[in-house]
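Okay everyone, thanks for coming. Let's have the structure up on the screen, and then I'll walk you through a few parts of it.

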Amino acid sequence: MATREASCSCGQLSLQAEGDPFHVGICHCLACQRRTGSAFGMQAGYPADRITVSGRSTDYARTSDEADRKVHVFHFCPDCGGTVFYTEPDEPDLIVVMVGAFADPLFPPPVESGYEARRHPWVGLPDTMERDDLWGQVLPLYEAGDYAAAADRGRELLGGQPENGRLAYNVACCESLAGRTTDAVEHLRIAVGGGGDAVRTMAANDQDFDPIRDDPAFREIVGS
Amino acid sequence: MTSREATCSCGQLHVRAEGDPVRVSICHCLACQRRTGSSFGYQARFPADRVTVTGRRTEYVRHSDDGGEERHFWFCPDCGSTVFHTGGDPGLIAVAVGCFADPSFPPPTVAVYESRRHPWLDLPEEIERDDAWAELLPLYDAGEYAAVADRGKPLVEAHPTYAELAYNIACCESLAGRPDDAIAHLRLALEREQSLRSEAAVDSDLDAIRELPAFRELIGQPA
């Protein structure tokens with residue numbers, strides 16, 4: 001299996017990643033801009049058991065602005081400041097590596113671009129990349145607790161981007177919360193098909209799926 | 001005067017910059033990729049006397065790949081964000097643009113280390129790229145300085161804001177025994193990019209013109 005090595009600027013903190021990442025994305029949010037000092041962050045997600053870290057690191061924990069208030073712990077080299085990876089205490093099976101730390105322009109390109117609203121307008125991205133504008137249109141309905149309307153709108157948008165795993169996952173959440181078990185299972189299946197084990201784990205721990213947690217099809221998908 | 005605030009992720013280390021930057025650029029080099037964790041570095045240079053830094057910071061010193069010039073990067077020891085760097089021209093401070101957290105920040109006018117660009121990244125035509133020099137580099141490496149100087153002259157005219165190109169052509173002209181052309185292109189380069197002055201002061205490519213009064217005047221050394 002292909003192995004890649006990522007390291008900080010001075011080389012003190014490094015990691016080995018076995019195989020390809022299951023997801024590569026860029027994120028234009030202001031927190032990614034401040035952390036990187038660049039126009040966006042670029043991250044690659046791996047199952048934790050494919051990553052071997054060596055060297056000293058300092059932790060910086062930050063709670064996401066998003067509705068899930070998820071905690072991200074960034075690990076940086078105390079000697080040069082390079083952040084090499086982050087982890088999520090709620091998802092011990094996941095390690096997310098900063099792609100720049102691989103210093104490889106031929107690294108698999110990003111498939112998703114998040115926080116489009118914060119994109120520096122001169123940054124040009126290929127048309128093939130998924131933008132998160134779509135979920136941004138559904139989010140206010142979700143946040144207002146209007147899950148049936150969110151599910152309707154999400155389903156409509158998903159019609160134009162059937163392979164959009166992130167959107168499919170979020171729509172499945174809305175459908176679960178709206179009591180539409182069959183639809184939720186169908187869309188979660190699409191999301192897991194594209195994202196694999198990390199998405200399975202995420203679904204297993206996501207409270208949005210509590211209404212369908214005992215459904216046999218759900219149990220089969222998440223493997224519980 | 002307008003002023004902008006740049007901070008690290010946790011807000012402990014911050015920089016206040018008055019007025020607009022004198023130069024905004026992105027750099028695709030591998031060192032910028034490692035430092036940022038992103039696919040390029042994005043810097044805005046301000047005159048040092050317009051920048052006020054507050055907060056604790058740790059210094060990381062790195063020698064550039066192409067000649068050992070020191071760069072000093074300053075990061076927050078609590079969250080790891082590198083907020084600014086110094087080196088090259090002592091009169092300028094380079095602030096990491098992401099730390100301004102402002103998508104409407106003035107866009108870059110120059111992109112360097114084009115050869116390390118992640119190919120999926122698309123940049124607008126208005127941003128000068130260093131492809132022009134990349135084409136000439138093999139000739140320079142082969143010691144064909146007169147050939148580089150011949151081909152370089154029209155390229156400098158075609159890329160009017162690309163200071164590093166004018167500088168590199170001046171180096172070749174110096175090495176090819178064309179002092180007048182070298183001085184003219186060095187003058188252009190320094191007008192566009194002050195930070196090249198300290199490089200010119202120590203660059204052995206310019207030894208052939210170092211004793212000329214015009215060179216001393218450009219570099220600001222006593223005759």
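So, where the two chains touch, 41 residues of chain A are in contact with 41 residues of chain B. Keep in mind that we're looking at a predicted model. On the chain A side, helix H1 (30-36), strand E4 (41-47), strand E6 (58-63) and strand E7 (71-76) each supply at least two residues. Which of them gives the most? That's H1(A), with 6 residues. And if you sort the chain A side by class, you get 21 nonpolar, 14 polar and 6 charged residues.

Now hop over to chain B and find strand E4, residues 41-47. Buried or exposed, mostly? It's mostly covered, with 6 of its 7 residues buried. E4(B) pairs with strand E3, residues 23-27 of chain B, in the antiparallel sense over 5 bridges. Among those partners, Gly41(B) in E4(B) goes with Cys27(B). E4(B) is also joined to strand E9, residues 92-96 of chain B, by 5 bridges, and that pair runs antiparallel too. There, Pro47(B) stands opposite Leu92(B).

Last stop, two helices in chain B. H3, residues 145-158, packs with H4, residues 163-175, at an angle of about 145°, and their axes are 8 Å apart. The crossing is left-handed. So who makes the contact? From H3(B), the residues include Tyr145(B), Val148(B) and Lys153(B), and from H4(B) they include Leu165(B), Ile169(B) and Glu173(B). By class, that contact has 10 nonpolar, 1 polar and 2 charged residues.

Conventions. Residues numbered from 1 in each chain as written. Chains lettered and ligands numbered in written order. Predicted model: local features only at pLDDT ≥ 70, side-chain atom pairs only at ≥ 80, totals over all residues. Axes fitted to C-alpha atoms, helices over the stretch in contact; angles between N-to-C directions. Helix = DSSP H or I, 4+ residues; strand = E, 2+ residues; numbered from the N terminus. Left-handed = near helix turned anticlockwise from the far one by under 90°. Contact = placed C-beta atoms within 7 Å. Nonpolar A, V, L, I, M, F, W, Y, C, P; charged D, E, K, R; others polar. Buried ≥ 20, exposed ≤ 12 C-beta atoms within 10 Å, placed from the backbone. Pairing = 2+ DSSP bridges.
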